[in-house]
Amino acid sequence: MNTRRRMKRMNEGEAMGGLIGTAWGGAAGSPGFYCDKELRSPEANSARKRQPQSHHGNEQLSSEDKQEKKAFSLFLLCCCCLSSFGEWSGGFGGRKVVQHVHLEPHHIVRKRSISQPLRIKVFYDKSVYRLPPEKFEVINNTILPQALEYWERTLLVRPMVVPIRLNRKCPNNQAFFPVNVSEQHCKERCENVTTCGEVVVPEEHLEPCRVCSATGHFCTTSTPKGVGIQDADFVFYVSAMQTDRCHKGQTVAYAAHCQQEAALDRPIAGHANLCPNSISTKPQDLDTLLSTVKHEILHALGFSVSLYAYFRDKSGYPLTPRGRNGKPMVNKVIQAHQWSDRVIREVERRDWKVRGNVTQKTVKIVVTPRVQEEIRRHFNCAYLEGAELEDQGEDGTVLTHWEKRLFENEAMTGTHTQNPVYSRITLALMEDTGWYMPNYAMAQELKWGKNLGCDFAFKSCKDWIDSRRARGESIHPYCDKVKKDPLETECTDSRDSVALCNLVEYPQELPRIFQNFDYIPGVPSAEIGRYGGSVSLADYCPYIQEFTWKSNNIVVRGSQCQFPENMPQPEKNFALEYYGAGSKCFNHNKDMWEERTCQQVRQWQHWGSGCYKYECRNGHLHVIVANHTYTCFHIGQQLKIQIFFQGWLHIGTIVCPPCHEICGENDVNCQPDSVKSYYASSDKKYYYDELPCRSMCLTSNWIVVLVLLTILHHFLGR
Ligand SMILES: [Zn+2]
């Protein structure tokens, strides 16, 4: 960790002040000056949330397992990245633009190459130091440094050779810009404090207070300028206040940019508020928290509906025409500057199949060159226009994220479901801002939708599911197994987690455009309209998803294999699972697992898959169950498990996956499948226990206990 990465601790006396991006517009009454009026600043325009868990499923069950109910869990995040624009009814005309900070002249900045690794300087509000020590530690020592380092290593910018000083806020956002003077001058006085989000910007970060008289004359500078922020390309103000906004939908954090520089409109300051009550320091939650903070930073750096209109081409020229004040026009309906169709285009998708009908759907698509190139490569569709934006959710979710149906676990979708990745497509969007050059080696692989072709990208999920079914093919990446008891789990594609199909029953029929099935196995046709995926942002298309187990509405454990915290209590570990480092998800066969003593048999009515330790050696995959090793010789081989453990004989089956899915594509680890005869002879060597009471226990006194675990279906989604 270098010193830059260490968070600066503010002294108590170092009050943070705050400035918001002021917005000005219109011509002033006096010749030689003009003055613009403020739109509302783009502050607080991104929020990442955990949604309240929605409950689907039944509660009737439970015998001895009352305290560990099965819960589907989801963490939903969604972000509000919309800037809103206020009205100003003063006498300076009606133009509405956001005033930027003059740091260096346009012609000088533009001729620099994009070669400087992004330098982000972080400043804490006092509220951050009031966090409980364990939360402060995880934020200060782990999450923020890692999140910042990721973007600093990923993005290059044009070097900023002067210190950043932010504009001061003017009363009623009224300011003058004397001719041939690039700095803003407030009308009569400056506000006492300038904020960026919730944070008060320190005096030393600010431009001097420059004022003119009410008529725009007698302009003076009344305070010295601050030293500014040296050696930085972006200033990030962080607070940790339990604001009203934190209570809405269990928001984890929200963020936005607050000022842009004037030469090329690049955001130079932003803020994030971390909601203290939503910060979890549990090891299994840290990946999600880190991804959330990275997500918020990216909104402040460029992925925001309030910045699309400022995107520039490779030469630094605006992609959206500018008005007389040099800014894009404002669209009052969307409360943002209106972008041109060189950035985002509206497209009709005809022949959009829904239940029993065909309709059409209007989508908004990012069509900038690098995004278009990457998205065509990702889906393997040469004529795809670009990357579709989210069309659902509140202000701050809609249009400010990738469409969840098409990008599922891409980290810049509006809700977190599992295993978030920052893909080349998101980095391409950053390149297409004109402000950054990404290091694509930092991108993570997005498997969702990869090479699935134009049909996947252009058509409804119902269309995809129907056409695949008609050809007798898997409906992957979608699923159609209704979540209900008995619960049948499966593995995620990555085999990192036990998972479930998030297809659930809703109390009412879904809107027609979200009815994605004519047929669901086991569901009467009259009820099909009530069934859909639990993630609304994914257009209710169902897919395999991680979940958590809950007890009395409190998360007990998750379903990711790598975390020891997810280990079931020994008396509930019927399938002899192992959670921890070196564990992956393996499927069971169609039979339930069983536990026996000489007096009892019990079966567990949730089954389907589990987490097990494994080894890749001698050309084969070896599954380790309760310290016994079982070798896989071919795909689909059924490993019969019969082990006496914790007073019960555990009986079940684990199915061998393709070796490379666990061991990787490296040929050294996986030899070709052995012939079955070889496997059959090896089978005898597998470990095998029997109960010591064979004759005595096969009596009618056996008690069959069906252990039914309640599942609360808590899927991400809104
Ligand atoms: Zn977001």
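This dialogue reads a few features of a predicted model, one at a time.

User: What should I know before I start?
Analyst: Residues are numbered from 1 along each chain as its sequence is written. The model is predicted, so local features need pLDDT of at least 70, side-chain atom pairs count only at pLDDT 80 or more, and totals for chains, interfaces and linings use all residues.

User: Which residue does UniProt list for "active site"?
Analyst: Treat such records with care: positions follow the numbering used here, feature names are shortened, and annotations may be inferred rather than shown by experiment. Here the unreviewed UniProt entry lists Glu-296.

User: Where is the place of Glu-296?
Analyst: Helices (H or I, at least four residues) and strands (E, at least two) are DSSP runs, numbered from the N terminus. Glu-296 sits in helix H5, residues 283–301.

User: Does Glu-296 count as buried or exposed?
Analyst: Count C-beta atoms, placed from the backbone: 20 or more others within 10 Å of its own make a residue buried, 12 or fewer exposed, and in between partly exposed. Glu-296 has 29 C-beta neighbours inside 10 Å, so it counts as buried.

User: Which residues are listed for "binding site"?
Analyst: The unreviewed UniProt entry gives His-295, His-299 and His-401. They span 107 residues in sequence, yet no two of their C-alpha atoms are more than 10.1 Å apart, so they gather at one spot. His-299 lies in helix H5. His-401 lies in the loop between strand E21 (387–388) and helix H7 (404–407). His-299 counts as buried because it has 31 C-beta neighbours inside 10 Å. His-401 is buried too, with 29 other C-beta atoms within 10 Å.

User: At what angle do helix H3 and H5 pack?
Analyst: Axes are lines fitted to C-alpha atoms, for helices over the stretch in contact; angles run from 0 to 180 degrees between N-to-C directions. Helix H3 (residues 133–154) and H5 pack at about 50°, with axes 9 Å apart. Under 35 degrees is roughly parallel, over 145 roughly antiparallel, 65 to 115 roughly perpendicular, and the rest oblique. H3 and H5 are therefore oblique to each other.

User: Which residues of H3 and H5 meet?
Analyst: Two residues are in contact if their C-beta atoms, placed from the backbone, lie within 7 Å. In H3 the contact residues include Thr-142, Ile-143 and Trp-151; in H5 they include Leu-286, Val-293 and Leu-301.

User: How do the axes of helix H6 and helix H8 cross?
Analyst: The axes of H6 (residues 369–379) and H8 (residues 424–431) come within 8 Å and cross at roughly 165°. H6 and H8 are therefore roughly antiparallel. Among the residues that meet are Arg-370 and Glu-374 in H6, with Arg-424 and Glu-431 in H8.

User: Which way do the side chains along strand E36 point?
Analyst: In E36 (residues 620–625) they alternate.

User: How many bridges join strand E35 to E36?
Analyst: Two strands pair if DSSP finds at least two bridges between them. E35 (residues 609–617) and E36 run antiparallel, joined by 5 bridges. Lys-613 stands opposite Ile-624 in E36. Their hairpin has 2 residues between the strands, and Asn-618 takes a positive phi near 55°.

User: How do E36 and strand E37 pair?
Analyst: E36 and E37 (residues 628–632) pair in the antiparallel sense over 5 bridges. Val-623 stands opposite Tyr-630 in E37. In the hairpin of E36 and E37, Ala-626 takes a positive phi near 45°.
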